[in-house]
Amino acid sequence: MEFIDIHSHYAWDIDDGIASLEDAKKALAKASKQGIKQIIATPHIIPGTTNNIDFIKERIKEFIKLAKNYDIKGYYGSEVMLNSDCLTSLKNDEFISLNNGPYLLVEFNLTQSINEDCYDRLYEYSLKHKLIIAHVERYFHNKLNLQLIQSWIKDGHIIQVNSSSFLGENGKKVKNNAYTLLENGLIHVIANDTHRITKHRYPNLNDTYELLIKKYSSDQIKKLMYDNPLAIINGEDILPIEIDKIPWFKRRK
Ligand SMILES: [Fe+2]
């Protein structure tokens, strides 16, 4: 099985992701072993703080060149934080859409609760781009707000969940949130959000796929981990995926 990662921090030494060229090489070798064949580099852009977008683009160019050595196709992208300065960044076009196409990866501040401001910010950005909301399972520290997430989908936004969350790398609460979203058919895409070579958000798409297909339809999981990511790269429309559980007596050991 081949995988596509639409959310990653391999472009080294520009954010809290991979720290050096040497680490980028090790992470790419690990990605290759996981069957990851295409990676969108999505460095963090923090409106009001990030002021080196040209340097970020140069580093992504270097990453794309490096990834070829591992038989991995790289693409341009970014992950834009929808903070209080984000409307100024929007006006100034200070972001990189995925594969320079219609989709833009956005995130909220994980340390703050999601509030009503999210609607205005998403609305303004959605006038220019189709929005993919990053790691949705990580924002809800108490109770997962399924109604809010359903309203995001109704508004046309794409729901992305991190593979590491299914593996339990982000704690029990986040793991439960990821499975609840999956079983309610509220996910469009699973991505790796690679930040490190080992621990937490390391290249693990194949590990996640193998775990999930023990319990859920492999065709449907493939849609979340390959078909929809490919459609995102190509700028095509996608839908959330309904997930069927395999009856316990038919599950692989
Ligand atoms: Fe990220």
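The site of the iron ion is irregular, with angles of 77 to 167° among its four donor atoms. In this predicted model, the protein donors are His7 (NE2), His9 (NE2), Glu79 (OE) and Asp193 (OD), which lie 2.0 to 2.4 Å from the iron ion. Along the sequence, the donor residues follow the spacing H-x1-H-x69-E-x113-D.

Aspartate 193, a donor of the iron ion, meets arginine 201 in a salt bridge, with an N to O distance of 3.2 Å. Both arginine 201 and aspartate 193 are buried.

Across the whole structure, a search finds eight salt bridges; two further examples are worth a visit. Lysine 25 pairs with glutamate 22, their closest N and O atoms being 3.5 Å apart. Because lysine 25 and glutamate 22 sit three residues apart in helix 1 (residues 21–33), about one helical turn separates them. Lysine 25 is partly exposed, with a relative accessible area of 29%, and glutamate 22 is partly exposed too, at 46%.

The side chains of aspartate 71 and lysine 37 form another salt bridge (3.2 Å, N to O). This pair links distant parts of the chain, 34 residues apart: aspartate 71 belongs to the loop between helix 2 (53–68) and strand 4 (73–75), while lysine 37 lies in strand 2 (residues 36–40). Aspartate 71 is exposed, with a relative accessible area of 54%, whereas lysine 37 is partly exposed at 30%.

Methods. Residues numbered from 1 in each chain as written. Predicted model: local features only at pLDDT ≥ 70, side-chain atom pairs only at ≥ 80, totals over all residues. Heavy atoms only, no water. Donors = N, O, S within 2.8 Å, 3.2 Å for Na, K, Ca; no water. Tetrahedral: all angles 85-135°; square planar, octahedral: opposite > 155°, others 65-115°. Salt bridge = Lys/Arg side-chain N within 4 Å of Asp/Glu carboxyl O. Helix = DSSP H or I, 4+ residues; strand = E, 2+ residues; numbered from the N terminus. Buried < 20%, exposed > 50% of the residue type's maximum accessible area, 1.4 Å probe, protein only.
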